[in-house]
Structures are given as C-alpha cells and as structure tokens.
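Please work through the exercises below with the structure open beside you, and try each task before you read its solution.

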Amino acid sequence: MKHQELNNYFETAFKKYCENTPSVLKINQFLTNAGEEIINDHIALRTFKTKGLSALEMGEFFTAQGYEQKGEYDFPQKKLKAYHFEKKGYPKVFISELLLDKMNERTKNILETLLSTIPEKTSISELFKLEKTWKISFEDYEYLSSQTEYGAWLAAWGFRPNHFTILVNKLNHYSNLEKLNEFLKEKGFLLNQSGGEIKGSSEQLLQQSSIMADRSMVEFKDGIKEVPSCYYEFAERFFKEDGQLYEGFIAASADKIFESTNELGK
Ligand code: NI
C-alpha cells in the first residue's frame, strides 16, 4: 500500500513537472534513442519555512513512506535551508525552504498573503495535489524576483517539483558529465553557467550540472505571462573510501544550481 502511494506520487509529480518543462521529454527521448536507460537520482521540492509548510514537515510525507532524513544544508546568501531524505530503491528527495523571517517586510507581506489562501488543515499530500491556491499580480512577482528569485518561483509555481535529475553513472555512453554536457549543448540546450558548467568535483564525490529552466505560461492576476519554469539536472556520483556511492549533496554546488530558475541576463 505504502509503495503504491509513493509510486503514485512520483508518477504524478513527473507528469506535472513535464507539463511546464518540455526539455525533459526531449532529453529523455534523445538519450533513449541512443540506447540509454534513465534513472532518477533525486527530485527537488521548494517550500517556505512557516508552520505547516516547512521542509521538515513536507519531509514527513516521505518519512511516513519509509524515507530517512539525512543531510542538512544552509544557504545564508539566498536565505534558504535544505534537507535531504533517502530510501533504498527510490530517488532521493531534496527539500529546501525560504527563510521567511529573513525577508524584508514587503516580501514577507506578499508571500504571507499568498500563503493565507491555503485552506487550514491542508495536509502535505493535498498540498502536492493543489500545488497553488493563489494568483499573484505580475508587479508583486517582479518585486519578489528583485528580492528572492527562489521566492518568485514559488509564488509562480507553488509546490510543483522544481527538478528531476538524471543519474549520469547509470548512462552507458554518456557516463560522465563532460560527455553528457557536450551532447546536450550539441542538441541546443542551454546549460547553467553559474559557478562553472560543472559544479563540484570528484574529490567532493559529487558533480552536477543542469540546463537553464524552460519558460512557461503562468496566469497572474493581471494576465498570462511567460516566466522561468523548471529544469533538468544531471548528477555524477563518486565512491567513498568505504566503497559506497556518496549519496549526499554539496551546499556550494546546490547554491549555484538554484540559479537555474533565474531570469537570464540578471
Ligand atoms: Ni538537485
């Protein structure tokens, strides 16, 4: 029963994610045509640090399904904190949260007004289905973007998965990030260059890259606009001294990966 609920969650989450991230199915198609099998390393969710919605409360949905809480990460500049959860045989789940109390008054007011539209006693699994109970004005969205791109993304997309991640180790031909990145660039995809195309190193046991987010339509209070949506990430993991694959994350790399949903030119 439990597995069913979890499998359903990942299936629905992937469908929702693909709706506004057409690059994902294109990349999967290119890779499967090349004979590759695609294994998902992790999904990333974004939320707010506030009662009932925090990353740890969201994580309870996964721990109830047999996941274990593992790493904890701080992003002081972006005013974010994150945790990751693991369960054998399933993608890892990386959940970050915006530290609302570190935002200025106007930002906090805009976001708290949005959050006040969530019906009381909404469970996390209902929240995943609802995704978003509000509409924001484009003016407020733009103001948020100037303060926190992460917060602006949440205001536009709600609790939709932010990214899925191809585990590069499991690819046969494109089995390292350099090769995969070259292939993606040849196919015309734009890679996130913040902090370098490849974030992390083999010494850190994790290397990551990602495409810049696709752009997709969002209904704002004052009309429909195209804004950055979600992106695809690629992770290459290395073996620890004990012979086990490193399953954690590197805060300095994740910090730059967050910028995949930034507006270009900023
Ligand atoms: Ni990620």
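This is a predicted model: local features need pLDDT of at least 70, side-chain atom pairs count only at pLDDT 80 or more; totals for chains, interfaces and linings use all residues.

Residues are numbered from 1 along each chain as its sequence is written, and side-chain values use heavy atoms, with hydrogens and water left out.

**Exercise 1.** Describe the surroundings of Asn-181, and state whether this residue is buried or exposed.

*Solution.* Begin with the location: Asn-181 belongs to helix α8, residues 177-186, where helices (H or I, at least four residues) and strands (E, at least two) are DSSP runs numbered from the N terminus. Next, take the accessibility: with a relative accessible area of 1%, Asn-181 is buried, a word that stands for under 20% relative accessible area, whereas exposed means over 50% and partly exposed lies in between (1.4 Å probe, protein chains only). Then look for partners: apart from neighbours within four places in sequence, Asn-181 is in contact (heavy atoms within 4.5 Å) with Leu-191, Glu-197, Ile-198 and Ser-209.

**Exercise 2.** Find out how the buried residues of α8 are arranged around its axis.

*Solution.* First list the residues: Leu-177, Leu-180, Asn-181, Phe-183 and Leu-184 are the buried residues of α8. Seen down the helix axis, they fall within an arc of 160° (taken from the directions from the axis to the C-beta atoms), so they line one face of α8. Finally, ask what they pack against, which is α2 (22-33), β7 (206-210) and β10 (231-237).

**Exercise 3.** Identify the protein donors of the nickel ion.

*Solution.* Donors are N, O and S atoms within 2.8 Å of the metal (3.2 Å for Na, K and Ca), and since water is not among the atoms, sites may look incomplete. The protein donors are His-42 (NE2), His-163 (NE2) and Glu-233 (OE), lying 2.1 Å from the nickel ion. His-42 lies in strand β1 (residues 40-48) and His-163 in strand β5 (residues 163-167), 121 residues apart, so that this pair links distant parts of the chain.

**Exercise 4.** Classify the aromatic pair of Phe-138 and Tyr-141.

*Solution.* Rings of Phe, Tyr and Trp (its six-membered ring) pair if their centres lie within 6.5 Å, and planes under 30 degrees apart count as stacked, over 60 as edge-to-face and the rest as tilted. At 7% relative accessibility, Tyr-141 counts as buried. Tyr-141 and Phe-138 are 5.6 Å apart centre to centre with 25° between the planes, and the pair is stacked.
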